[in-house]
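Subject: Structure handover

Hello,

Here is the structure for you to look over. My notes on what turned up follow below it.

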Amino acid sequence: MDNSKANSVVKVLSEALPYIQKLNGKTIVIKYGGNAMTDENLKVGFARDIVLLKQVGVNPVVVHGGGPQIASLLERVGKESKFIQGMRVTDTETMDIVEMVLGGLVNKSIVTMINQQGGRAVGLTGKDGSLIRATKMEMTSDVDDAPELIDLGHVGEVHTIDPSVVSMLDDDNFIPVIAPIGVGENGESYNINADLVAGKLATVLGAEKLLLLTNTVGILDKQDNLLTGLSAKEVDDYITDGTIHGGMLPKVNCALDAVKSGVKTSHIIDGRVEHAVLLELLTDEGVGTLLKG
């Protein structure tokens with residue numbers, strides 16, 4: 001190894017050291033989705049990042065989505081995907097497919113991928129150990145004069161989280177990989193937005209950080225410059241003046257709720273960047289937007 005390359009390696013390791021020390025023994029909840037779940041190089045990079053974090057004493061907890069995979073299987077069986085206000089209408093037949101895809105195909109592929117990189121991942125749904133108790137999501141139409149209740153079927157919201165099974169796995173040096181399926185009062189299954197599950201889980205676990213992987217660079221100002229190091233008040237102000245709007249709003253609100261509920265920092269990061277998780281956590285510059293309380 002020549003001196004230039006050796007110096008570069010040492011610089012990287014030296015920059016990472018204080019972050020590794022600070023995160024040792026801490027829990028980080030990572031919502032895994034978007035391009036990072038479909039591009040093969042990004043998938044391998046993500047798995048290696050998670051294994052490395054565990055090896056240096058961090059406790060990563062992965063919550064994953066799977067919208068494209070669900071849509072693909074629904075199309076194959078001839079069932080149309082229908083969305084209302086961004087939420088998938090989930091009748092009983094669709095819920096069976098959602099459960100098959102999220103709790104089976106997608107979950108187990110992520111578990112296998114992490115294990116192939118030397119980790120010890122265990123797949124769960126929110127139904128295991130009554131991890132996620134859910135209630136039916138209530139949505140009304142956006143007609144001002146006469147709003148009507150919309151039935152989304154088996155679309156749920158988090159009612160309570162019992163983190164016992166996650167804590168047990170962390171303590172035994174496993175990596176929990178969680179599909180966002182909750183269980184209702186009568187044992188019925190509910191499909192829950194993965195960002196919401198990750199945010200609530202981070203709060204209940206007292207996580208140091210919540211990471212939300214996206215297909216964008218993060219929060220941008222009106223000149224398309226990346227914003228980071230934002231306080232909760234600054235984020236509220238950017239929402240009020242319209243800087244943060246549209247499809248970014250639900251993700252930002254999820255990250256904001258987490259820091260307001262005790263999570264030290266939330267990060268909205270670009271999952272299209274290889275090794276985005278390590279770059280955000282262990283470098284000075286990072287690859288996304290950091291929100292703090």
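**Notes on the model**

N191 sits in strand β12, residues 189-191. Strands here are DSSP runs of E with at least two residues, helices are runs of H or I with at least four, and both are numbered from the N terminus. This is a predicted model, in which local features need pLDDT of at least 70, side-chain atom pairs count only at pLDDT 80 or more, and totals for chains, interfaces and linings use all residues. Residues are numbered from 1 along each chain as its sequence is written, and side-chain values use heavy atoms, with hydrogens and water left out.

N191 counts as buried because its relative accessibility is 13%. The cut-offs are under 20% relative accessible area for buried, over 50% for exposed, and partly exposed in between, with a 1.4 Å probe and protein chains only. Leaving out residues up to four places away in sequence, N191 touches T90, M95, V98, L102, H154, V155, G156 and P180. Contact means heavy atoms within 4.5 Å.

D195 belongs to helix α6, residues 194-205. D195 is buried too, at a relative accessible area of 8%. Beyond residues up to four places away in sequence, D195 touches K31, L212, K251 and C254. S164 is 31 residues from D195 along the chain, and their C-alpha atoms are separated by 20 Å.

K54 is in helix α2. With a relative accessible area of 9%, K54 is buried. Which residues does K54 touch, not counting those up to four places away in sequence? They are N59, P60, D170, N173, F174 and I175. K54 and F174 are 120 residues apart in sequence, yet 8.6 Å apart in space, C-alpha to C-alpha.

**Loops**

N173, one of the residues that K54 touches, lies in the loop between α5 (164-171) and β10. N173 is partly exposed, at 42% relative accessibility. Its phi is near 70 degrees, a positive value in a residue other than glycine. Most residues other than glycine have a negative phi.

S130 also has a positive phi, near 50 degrees. S130 lies in the loop between β5 (121-125) and β6 (132-136). At 28% relative accessibility, S130 counts as partly exposed.

V77 is in the loop between α3 and β3 (83-84). Its relative accessibility is 49%, so V77 counts as partly exposed.

**Cores**

The largest nonpolar core has 41 residues, of which Y32, I114 and V277 touch the most other members. A nonpolar core is a set of buried Ala, Val, Leu, Ile, Met, Phe, Trp, Tyr and Cys residues joined through side-chain atoms within 4.5 Å. Elements that give two or more residues to this core are α1 (3-23), β1 (27-32), α2 (40-55), α3 (67-76), α4 (92-116), β10 (175-179), β13 (209-214) and α9 (276-282). The most comes from α4, with ten residues. Setting aside neighbours within four places in sequence, V277 is in contact with I30, F46, D49, L53, L211, L213 and I269. A second, separate core of 40 residues includes V158, I161, A255 and L291. In soluble globular proteins, nonpolar side chains tend to be buried together.

**The whole protein**

The protein has nine helices and 16 strands. Buried residues make up 48% of its 293 residues. Why does the radius of gyration agree with a compact globule? A compact globule of 293 residues would have a value near 19 Å, and the protein has 19 Å. That radius is taken over C-alpha atoms, and the globule rule is 2.2 Å times the number of residues to the power 0.38. Along the principal axes, the C-alpha atoms fill a box of roughly 70 × 45 × 35 Å.

Among contacts between residues at least 6 apart in sequence, 72% join residues at least 24 apart. There are 26 positive and 39 negative side chains, and the centres of the two sets lie 5 Å apart. Lys and Arg count as positive, Asp and Glu as negative; His and the chain ends are not counted. Each charge is placed at NZ of Lys, CZ of Arg, CG of Asp or CD of Glu.

Best wishes
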